[in-house]
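Colleague: I'd like to learn how to read strand pairing and ring contacts in a model. Could you walk me through it?

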Amino acid sequence: MAGRGLILAAPASGSGKTLIVAGLLRHLRRRGMRVAAAKAGPDYIDPTFHAAATGAPCINLDVWAMRPATLAGLVHGLDSEAELVLCEGVMGLFDGTGPDGETGSTAALAHCTGWPVVLVVDARGQGASAAALIAGFARHDPALPLAGIIFNRVAGPRHRAMLGAALARHLPDLRCLGCMPQQAELTLPERHLGLVPASERSDSEAVIERASAIVESAVDIVGLIGLARPSSLGLSLPTVLLPPLGQQIAVARDDAFLFVYPALLEGWRREGAALSFFSPLADEPPEPDADAVYLPGGYPELHAGRLAAAGQFLAGLRHAGAAGKSVYGECGGYMVLGDALTDAVGRTHRMAALLPLTTSFAERRLHLGYRALTLLRDGPLGAEGARFRGHEFHYATTISAGGDGALFAVTDSWGTDLGYVGLQRGSVAGSFIHLIDREAG
């Protein structure tokens, strides 16, 4: 029997939906329900909490960056494995990209999948006005399957009663599923790219457990489960997001290199590639038998000193490049393939020197948004002219990028030409952009 799905969205970022979703996942799993986690949009950090809550990967679903067949295959995979799929939205419910600002939004994902939406409303500083806010969201897109409300950060019993009464009075057909109390224990620390990943926090397990306990007492669990609906996408086979870099791929994986989608790695496995994993922070080199090396993004700027001192790791990278093996780096991985990286306090650290690139985290500038990319030369990602979609989010500055070996021609989600990005030298290549999927067409 196919599973059913539900999206937990919010009017804005910072409403607390990540911990509510993680708490629900943990509670439902403990009840013996087969649950699966998903996350709307391009996000590597929030899914770490959902993966910790379920003990299984959290799958990203991206309406803008993924081909329809990719999205349908991923949703079908989730439905096949679970009785209930809980998907956390991205930013505000209608926040997307492109000229209208709504393309690729959580609302677009709800329309695509047919999954109902539960809106998580941060009620701090609001009483009956919260009902007016919710009414605006309900009217903005009447075709959207908005099914229920969870109020978050509720001050106490009187506040809870006021919120519930206002919702019942002004929106009687919209169900209040619960009121989460305002508690200091239900907050998560942030830094420059969002929340601190669950893997870096020693108290992540305790925070998820606390959220689970509060969800159990504060949310109508039976009512929430009853709102879930099967996906409207139907049966679809899984696709391969990106071509495998080789047949034996060594993947960097630790706190400096953790930004990789599980669906990407699973697709490589389906194509017959064998994956091995190594930790640069532990000074582990790539597997010598590997014919390709993948350095995903992460936080090398926070660990630049350790990486510069990781002699075996750097020697292994250089050996792979010299042997003509495919070596590909994204965002932080791209920075490590360069000559040098300057950290936040201005210290410059030597990196692998496989690409003529120098970057700095001391000179910060935000680079953010979806990207459409065209490959400029043949390589492990495909033939010249291959097209991809991806996302860029970082604060690093390129101090120098030598040579004429640009990797991609790029436009943003508005169609604006952003010129050429990335570098390729021999079998080594990379860019600041996280590739998500091949482009349809």
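Predicted model: local features only at pLDDT ≥ 70, side-chain atom pairs only at ≥ 80, totals over all residues.

Colleague: In which sense do strand 14 and strand 15 pair?

Modeller: In general, strands of a sheet pair through backbone hydrogen bonds, and the pairing is either parallel or antiparallel. Here, strand 14 (residues 340-342) and strand 15 run antiparallel, over three bridges.

Colleague: What is the strand order in the open sheet?

Modeller: The order is 15-14-16-19, four strands with mixed pairing. Strand 15 (348-350) and strand 19 (397-401) are at the edges with a single partner strand each, so one side of each has no neighbour in the sheet. From one strand to the next, the twist averages 20 degrees.

Colleague: Now the rings. How many aromatic pairs are there?

Modeller: Two rings count as a pair if their centres lie within 6.5 Å, and planes over 60 degrees apart make the pair edge-to-face. By that rule there are 11 aromatic pairs. One of them is Phe 388 with Phe 408, at 6.3 Å centre to centre and 75 degrees between the planes, so this pair is edge-to-face. The pair links distant parts of the chain, 20 residues apart: Phe 388 belongs to strand 18 (residues 387-394), Phe 408 to strand 20 (residues 408-412).

Colleague: Are Phe 388 and Phe 408 buried or exposed?

Modeller: Both Phe 388 and Phe 408 are buried. Elsewhere, ring pairs join Tyr 44, Phe 259, Tyr 261 and Tyr 299 into a cluster.

Colleague: Which residue lies over the face of Trp 64?

Modeller: That's Arg 389, at 4.0 Å from the ring centre. Likewise, Arg 253 lies over the face of Phe 277, at 3.7 Å from the ring centre.

Methods. Residues numbered from 1 in each chain as written. Heavy atoms only, no water. Pairing = 2+ DSSP bridges. Helix = DSSP H or I, 4+ residues; strand = E, 2+ residues; numbered from the N terminus. Axes fitted to C-alpha atoms, helices over the stretch in contact; angles between N-to-C directions. Phe/Tyr/Trp six-rings, centres within 6.5 Å; stacked < 30°, edge-to-face > 60°. Buried < 20%, exposed > 50% of the residue type's maximum accessible area, 1.4 Å probe, protein only. Lys NZ or Arg CZ within 6 Å of the ring centre and 35° of its normal.
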